[in-house]
Amino acid sequence: MGGIFCEHTKAFDCVDHDILISKMENYGVIVKGKEIFQSYIKGRYQQVLIDIKTNHNTTVSNWARIKHGAPQGSVLGPMLFLSYINDLPAVINKKSNNSFVC
């Protein structure tokens, strides 16, 4: 019996913030709840530090705004990701023509 396996190590990075907020609204998260989630995922920035051990050099990138992704290593990250993909089975069933052959 076969199964479908997906690479998911980068899945959290693919969460579109606007789509996630829209889905949260559809699940009934409104006003204050919506504002809390928006402030949690939007307006984040990241910077990369490169420490080259061979010549004891350190390089730092410029700050960049994070446009996609659920925060990883947090308690809310997995819940936000699951909310984002919650309707995936329904979308797959709707788009599927049942002609998949292994």
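Mentor: Buried means under 20% relative accessible area, exposed over 50%, and partly exposed in between, with a 1.4 Å probe and protein chains only. This is a predicted model, in which local features need pLDDT of at least 70 and side-chain atom pairs count only at pLDDT 80 or more, while totals for chains, interfaces and linings use all residues. Residues are numbered from 1 along each chain as its sequence is written, and side-chain values use heavy atoms, with hydrogens and water left out.

Trainee: How many salt bridges does the structure hold?

Mentor: A salt bridge is a side-chain nitrogen of Lys or Arg within 4 Å of a carboxyl oxygen of Asp or Glu. The structure holds four salt bridges. In one of them, Asp-87 pairs with Lys-23, the closest N and O atoms being 2.8 Å apart.

Trainee: Which parts does the pair of Asp-87 and Lys-23 tie together?

Mentor: Helices (H or I, at least four residues) and strands (E, at least two) are DSSP runs, numbered from the N terminus. Asp-87 lies in the loop between helix H3 (76–85) and helix H4 (88–95) and Lys-23 in helix H1, so the pair ties together parts that are 64 residues apart in sequence.

Trainee: Is Lys-23 buried or exposed?

Mentor: Lys-23 is buried, at 14% relative accessible area, whereas Asp-87 is partly exposed, at 31%.

Trainee: What of the salt bridge between Lys-42 and Asp-18?

Mentor: The side chains of Lys-42 and Asp-18 meet at 2.5 Å, N to O. Lys-42 lies in the loop between helix H2 (31–41) and strand S1 (45–46) and Asp-18 in helix H1 (residues 17–26), so this pair ties together parts that are 24 residues apart in sequence. Lys-42 is partly exposed, at 32% relative accessibility, and Asp-18 is exposed, at 52%.
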